[in-house]
Amino acid sequence: MNKNKDKNRDKNKNRDKNKNKTQRTQIIIIGAGPAGLMLGCLLDLAGIDNIIVERQSKAYVLARIRAGILEQTTIDLLCEMGAGERLKKEGVPHHALILAHRNICTPVRLPELTNGKFVTAYGQTEVTKDLCDKRAANGSQTLYQAENVTPCDFDTTQPYIHFEKDGGTHKIACELIIGCDGFHGISRQSVPQAAIQTYEKIYPVGWLGLLSETKPVSLEVVYANTPRGFALCSMRSHTRSRYYIQCALNDRVENWSDDAFWDEFRRRLPPNLAEALETGPSIEKSIAPLRSFVAEPLRFGRLLLAGDAAHVVPPTGAKGLNLAASDIYYLHQAIRAYFADGDEAALTDYSTKALARVWKAERFSWYLTTMTHNLSDNAFDEKIKHAELDYVISSKIAQQVIAENYVGLPL
Ligand code: APR
Ligand code: PHB
């Protein structure tokens, strides 16, 4: 009996010891994608303690292949956090985007239509690597392979997370939890349904993408609409191409040999590009669905959402990564104001400011998607789409609207 009492007393003592050992930081960031890593680097710069907690391994995070067109404001932000050196050397500037329709290529010249602005091709994989390297140099903590991360008590002033890692359960207390854990993450799902409003549009198609060590067929990004569906030509470098074709939503990568991809892709290009196309073995092939999604607001007490956790765009305007960057720009300013003067209103303002820019990018991505894809079997919709393309091709003013959005609206 006494032995048991002693055992229990020891157990309680240990529990108390562990309680005292609860780790503390100022900001917990859930997710080490571009949004989480960018925020971490900006907080380091401001001297605000932060810990990133990520479900996957570092190798997994670094291997993900996604879009690669950066607005100048994204580049400026990466430079500000000290992660822009390689990008400045290796990024490939794009001074136009090309609309291909009825076998004719029409360049939308960016600097000419936007007072000198343009975009830069630099893979998201490289952005993530640069941010990880910067984070390592800063000496900040990233906990990879953290399972069952759970944000708790964010409706109080003492939020915390718990998670499992290396066979143990862990708790970290903080001032704010930032959900940068992507569309399928836990942060948005933790918010009570009554507190959040979501808006969604699912498109009836996907993109089949192929990466290859081949010379890009065009030095500028080509958006092609054809009777067979949409095709896109992009690049990662002067020796590495990234191409996409619109495919059925339920299509599978296994259905597409490299040869089948190249055949279909070539058939969707205007003749001059089809002739010049260099083909080769794929390094990566994947299918992604097209979706527009926004959650409102972005603040729930001491939990704030940013990046894909809060909104998703179809990839047609290349806005996903750039929107994550603009969220983080507004958010890091709000967090700084909050720690400098206890300015709670700044956290709410973050939501309002970021969402205003998000909706404009949602509109643009939806517009470019609808105009360049075959989405409807309604003959009227088809006619309108062609009229829109013909209008854009013939109107400098319409092209200016596209250019202004493509290079990125001001922050
Ligand atoms: N716990 C911890 N981490 C998680 C959890 C979870 N429950 N769920 C998801 N994550 C991690 C993912 O493994 C991923 O590394 O959160 C990260 C989210 O990264 P992204 O999906 O890349 O989202 P974000 O950083 O907002 O990216 C913005 O970049 O990746 C693109 O399509 C994305 O264009 C968008 C932009
Ligand atoms: C890409 O390079 O992967 C890319 C470019 C432009 C887009 C989407 C993706 O609109």
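In the predicted model described here, the side chains of Glu284 and Arg242 are joined by a polar contact of 2.9 Å, a polar contact being a pair of N or O atoms within 3.5 Å of which, within protein, one must be able to donate a hydrogen and the other to accept it, with residues adjacent in sequence counted only if both atoms are side-chain atoms. Residues are numbered from 1 along each chain as its sequence is written, and chains are lettered from A and ligands numbered from 1 in the order in which they are written. Because the model is predicted, local features need pLDDT of at least 70 and side-chain atom pairs count only at pLDDT 80 or more, whereas totals for chains, interfaces and linings use all residues, and side-chain values use heavy atoms, with hydrogens and water left out.

Glu284 belongs to strand β18, strands (E, at least two residues) and helices (H or I, at least four) being DSSP runs numbered from the N terminus. When residues up to four places away in sequence are not counted, Glu284 touches Ile65, Gly209, Leu210, Leu211 and Arg242, contact meaning heavy atoms within 4.5 Å.

Strand β18 (282–296) is also among the elements that cover the buried residues of helix α9, as are β14 (197–212), β16 and β17. The buried residues of α9, which spans residues 258–267, are Asp258, Phe261, Trp262, Glu264 and Phe265.

Ligand 2 is surrounded by 14 residues, of which Tyr223, Ser234, Arg236, Tyr244 and Pro315 are the closest, a residue being near when one of its heavy atoms lies within 4 Å. An N or O atom in the side chain of Tyr223 is 2.7 Å from an oxygen atom of ligand 2, while a polar side-chain atom of Arg236 and a polar backbone atom of Pro315 each lie 2.8 Å from an oxygen atom of the ligand. Of the 280 Å² of accessible area that ligand 2 has on its own, the protein covers 100%, as computed by the Shrake-Rupley method with a 1.4 Å probe. Two or more residues of the shell come from each of β16 (229–237) and β17 (240–248), and β16 gives the most, with three.

A six-stranded open sheet with mixed pairing runs in the order β9-β3-β2-β13-β20-β19, two strands being paired if DSSP finds at least two bridges between them.

Note on methods
Buried < 20%, exposed > 50% of the residue type's maximum accessible area, 1.4 Å probe, protein only.
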